[in-house]
Amino acid sequence: MASNNRPLSPHLDVYRLPLTAIISISHRITGVGLSAGTLLLACWLIAAATGVESYDKINAFLGSWFGMVLLFLWSFAFFFHLSNGLRHLFWDTGRGLDKADVEKSAKAVIISAAALTVLTWFIALVGGAS
Amino acid sequence: MNMNSPLSKARGLGSAKEGAHHWKAQRLTAILMLPLSIWFICKLICVAGGTHADLVAWLQQPMSATLLILLLASLFYHMALGLQVVIEDYVQATGVKITLLLITQFGSILFGLASIVSVLLIATGA
C-alpha cells in the first residue's frame with residue numbers, strides 16, 4: 001500500500017546512533033534510574049526515622065557488595081544527569097547549539113561524569129578512612 | 001451552518017498553555033538542585049559511614065534539615081515531571097499510560113512526603 005511507504009524517521013534497528021543521540025537517550029535512562037535511587041533514598045530516610053535497628057539494617061544492605069554496586073551506578077547516573085542537565089540549561093540560553101559545539105559538549109559530559117564519580121568514590125573510600 | 005461566534009470557534013483550539021509551566025518547573029528544580037545535591041553528596045560521604053546518632057546530630061541542625069527538605073521537595077517534583085514526560089513519549093496504549101502516570105505521580109508524592117516527614121521526625125527528635 002502506498003500509505004505504508006511513507007518516509008520514516010531514523011530507523012533505530014539499522015541506524016547507528018551518533019554520540020549526541022546516545023547521550024540524549026542516556027539522559028532519560030539515567031533519569032529513570034535515578035528515580036529508583038531516589039526511592040532508595042526515601043527508604044533510607046524512613047528507616048533512619050523508624051529507629052536505630054532499621055537504620056543499621058538498611059546500611060548493612062547498602063554496605064554489601066550488591067548495595068555498593070547500586071550506589072556506584074547511582075553516583076555515575078547522578079553525575080551524568082547533572083553534567084548533561086547543565087548542558088541542557090546552557091542550551092536553554094540559546095548558546096552552544098551548532099553541530100561542532102554539541103559534539104564537544106557531549107564529550108565533556110562523559111569526561112565530567114566519569115571524573116566526578118571517581119573523585120567522589122576516592123574521597124568516600126580514601127578520605128573517609130583517614 | 002455554524003452559528004458559533006468567531007471567538008467560540010477559536011477557543012480551545014490553541015495550546016493548553018501548560019507546556020511552559022512544566023518546562024519552567026523542570027528547569028527551576030534543576031537549578032535549585034545543582035548546589036543542593038552537591039552539598040548533600042558531600043554530607044552523605046561524612047554521615048553515611050557513621051552511626052544513627054551522627055545522622056540525628058546532623059539533621060537536628062535547623063539549616064541541615066531545611067536544606068534537605070528543600071532538596072527532597074525539588075527532587076521528587078523534578079522526578080514526577082521527568083517520569084511523566086518519559087511515559088507520555090514512549091507508552092502508546094492509553095490504559096497502560098494512564099495507569100503508569102497515576103502510579104508514578106502518586107508514588108512521587110507519597111515517597112516525597114514520607115521522606116520529608118522522616119527528616120522532620122529525626123530533626124524534632126521524635
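This report describes a helix pair and the nonpolar cores of a predicted model.

## Basis

In this predicted model, local features need pLDDT of at least 70 and side-chain atom pairs count only at pLDDT 80 or more, while totals for chains, interfaces and linings use all residues. Residues are numbered from 1 along each chain as its sequence is written, and chains are lettered from A in the order in which they are written.

## Packing of α1(A) and α4(B)

Helix α1 of chain A (residues 19-50) packs with helix α4 of chain B (residues 62-90) at an angle of about 135 degrees, the axes being 10 Å apart. Helices are DSSP runs (H or I, at least four residues), numbered from the N terminus; axes are lines fitted to C-alpha atoms over the stretch in contact, and angles run from 0 to 180 degrees between N-to-C directions. α1(A) is therefore oblique to α4(B) (under 35 degrees is roughly parallel, over 145 roughly antiparallel, 65 to 115 roughly perpendicular and the rest oblique).

From α1(A), the contact is made by Arg28(A), Gly31(A), Val32(A), Ser35(A) and Thr38(A); from α4(B), by Leu75(B), Met79(B), Gly82(B), Leu83(B) and Val86(B). Contact requires C-beta atoms, placed from the backbone, within 7 Å.

## Nonpolar cores

The largest nonpolar core has 24 residues, and Leu75(B), Phe76(B) and Ile122(B) are among those with the most contacts inside it. A core is a set of buried Ala, Val, Leu, Ile, Met, Phe, Trp, Tyr and Cys residues joined through C-beta atoms within 7 Å; buried means 20 or more other C-beta atoms within 10 Å of the residue's own. α4(B) gives the most to this core, with 8 residues.

Leaving aside neighbours within four places in sequence, Ile122(B) is in contact with Ala48(A), Ala49(A), Val56(B) and Leu59(B).

Conventions. Helices (H or I, at least four residues) and strands (E, at least two) are DSSP runs, numbered from the N terminus. Two residues are in contact if their C-beta atoms, placed from the backbone, lie within 7 Å. A residue is buried if 20 or more other C-beta atoms lie within 10 Å of its own, exposed if 12 or fewer, and partly exposed in between; C-beta atoms are placed from the backbone.
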